[in-house]
Amino acid sequence: MIKKLDILILRSFIGPFIVTFFITLFVLVMQFFWLYMDELIGKGLGTWLIVQLLFYMSTTMVPLALPLGILLASIMTFGNMGENFELVAIKSAGISLLRFMRPLLLFIVFISALGFLFNNNVIPFANLKALSLLYDLRNSKPALNIRAGQFNSDIKDYAIRVGEKDNDGKTIRNVVIYDHTSGMGNEKVVLAKQGEMIPSPDKQYMIFRLKDGWRYDESAGTGNSQANKQIRMYFKNWDKVFDLSSFKLNRTNEDLFKDAYQMMDVAQLTERIDSMKRHQKRLHDNVNVYLGPYITILSKGDDRKTLLAKMPSKPVHKYDSSFLNVVNDTLRYRVTQLAASQVRNSQSLIGITAVDYKIQNDNYLKFNVEWHRKFTLSFACVLLFLIGAPLGAIIRKGGLGMPLVIAVAFFVVFHIMSITGEKLAKTGAVEPGIGMWMATVMLLPIAFILIRQARNDSQIFSKEWYVRAWNRISGLWSRKAA
């Protein structure tokens with residue numbers, strides 16, 4: 001039955017958990033934007049594209065923000081209760097710390113199960129949307145930005161220089177346009193004293209409405225350079241239209257990204273891992289097939305017993321020196337070249353197989369790591385709660401001061417160990433299961449130690465305890481000195 005005490009602890013936890021979760025998520029998303037800001041600024045991205053990227057990237061950060069939010073909220077909750085002497089009152093009523101933690105533990109297990117479902121079903125879709133959109137944004141061209149006194153070649157086959165540009169961003173003066181569309185150099189030039197830059201309503205074209213200028217066109221003749229014709233035309237008003245379709249964001253087909261391991265759930269990863277195992281086995285078997293035409297040991301249809309039966313008990317012939325000394329002089333060169341050719345062919349076939357096997361093995365490790373990640377991130381919620389709850393009871397400080405520092409410190413340790421184990425697994429130094437679960441296995445004993453210390457009212461994080469210990473040591477030292 002649900003007791004009033006269980007409702008109290010749940011209410012005390014849910015509020016800080018929601019706040020810390022969204023703060024953590026916001027910090028992680030901002031970290032992403034700081035990482036890719038240089039590649040996204042100056043490309044004229046619309047508000048809707050930024051909102052989409054923000055939404056998808058924040059969704060992919062949920063599995064990382066959830067454990068940190070649980071750790072911080074659990075430290076704050078139990079720290080507040082310890083600071084207000086609520087834990088002392090509960091223990092004095094005969095209720096143990098483990099009984100007090102039980103409703104929250106069940107709630108965290110429920111959150112972890114939801115986190116696994118989210119990680120397995122929503123994250124692959126969010127990764128597909130986020131990474132494909134990020135790929136298109138990073139590879140899109142910057143927005144057209146014509147600055148005064150500088151040549152601009154962003155528009156293909158054109159070089160544009162504007163001498164002056166007014167504050168309205170439209171009026172330009174001393175305009176020079178080099179047209180390279182013919183591929184023959186600067187044989188078409190436009191000069192104008194002033195004009196305006198007017199984008200079309202659909203932003204697909206840029207219109208240069210030029211005034212009081214000249215157009216020069218030097219057409220190549222059939223003879224020498226003296227036979228070339230130069231045409232000079234004066235204009236009072238003339239419009240030059242530039243196509244800006246190359247600056248438009250072109251979306252890549254998302255089906256091209258679906259085979260990546262980040263876009264798969266557990267069932268798809270399991271199927272792909274099994275197919276990779278079968279392919280690796282075929283590579284081992286194919287080595288014998290590849291080397292068969294060059295190294296003939298078994299005849300077709302022979303097995304191991306047949307081979308052993310065919311092998312003589314004593315050597316048929318013993319060569320005093322090299323085998324080539326027995327070969328006829330007329331055949332020696334041919335035999336040498338044939339043997340060298342077969343060795344090169346064998347080496348080439350084995351090298352191709354080895355490269356293929358390395359690629360397959362690297363992919364196998366990545367898919368296996370991703371398979372384990374689906375479970376480790378969910379179990380990390382339970383682990384960090386088992387660390388955070390006794391830590392809060394020991395610290396007995398609420399708010400965002402000491403709890404925040406200790407929570408971040410523990411999460412950094414957990415994250416570094418997770419990243420280290422993941423890199424070891426991806427390089428093949430350890431098995432993927434060992435590398436991905438290394439952080440959990442190493443921190444789980446610490447969680448049990450902290451729970452034991454909290455049950456015994458340990459003061460390892462109390463400043464007064466260290467002050468008293470230092471005073472006792474100082475008193476002993478002074479008495480010995482006297």
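A residue counts as buried under 20% relative accessible area, as exposed over 50%, and as partly exposed in between. These classes are applied below to a predicted model. Asp-362, with a relative accessibility of 26%, is therefore partly exposed. Lys-358 is at 51% and so falls in the exposed class.

Asp-362 and Lys-358 are also partners: their side chains form a salt bridge with an N to O distance of 3.1 Å. Both residues belong to helix α8, which covers residues 329-395, and because they are four residues apart they are separated by about one helical turn. Side chains of opposite charge can pair when their charged atoms come close. In the structure as a whole, a search finds eight salt bridges.

Helix α8 also takes part in a contact with another helix. Glu-422 and Arg-373 meet through their side chains in a salt bridge of 3.0 Å, N to O. Arg-373 is in helix α8 and Glu-422 in helix α9 (residues 402-426), so this pair ties together parts that are 49 residues apart in sequence. Glu-422 has a relative accessibility of 12% and is therefore buried.

Asp-259 lies in the loop between β6 (229-243) and α6 (266-291), while Arg-272 lies in helix α6, so the pair ties together parts that are 13 residues apart in sequence.

In strand β3, which runs over residues 171-179, lies Asn-174. Its phi is near 55 degrees, a positive value in a residue other than glycine. Asn-174 is partly exposed, at 43% relative accessible area. Strand β5 (residues 205-219) contains Asp-212. Asp-212 is not a glycine either, yet has a positive phi of about 55 degrees. With a relative accessible area of 28%, Asp-212 is partly exposed.

Terms used. Residues numbered from 1 in each chain as written. Predicted model: local features only at pLDDT ≥ 70, side-chain atom pairs only at ≥ 80, totals over all residues. Heavy atoms only, no water. Salt bridge = Lys/Arg side-chain N within 4 Å of Asp/Glu carboxyl O. Helix = DSSP H or I, 4+ residues; strand = E, 2+ residues; numbered from the N terminus. Buried < 20%, exposed > 50% of the residue type's maximum accessible area, 1.4 Å probe, protein only.
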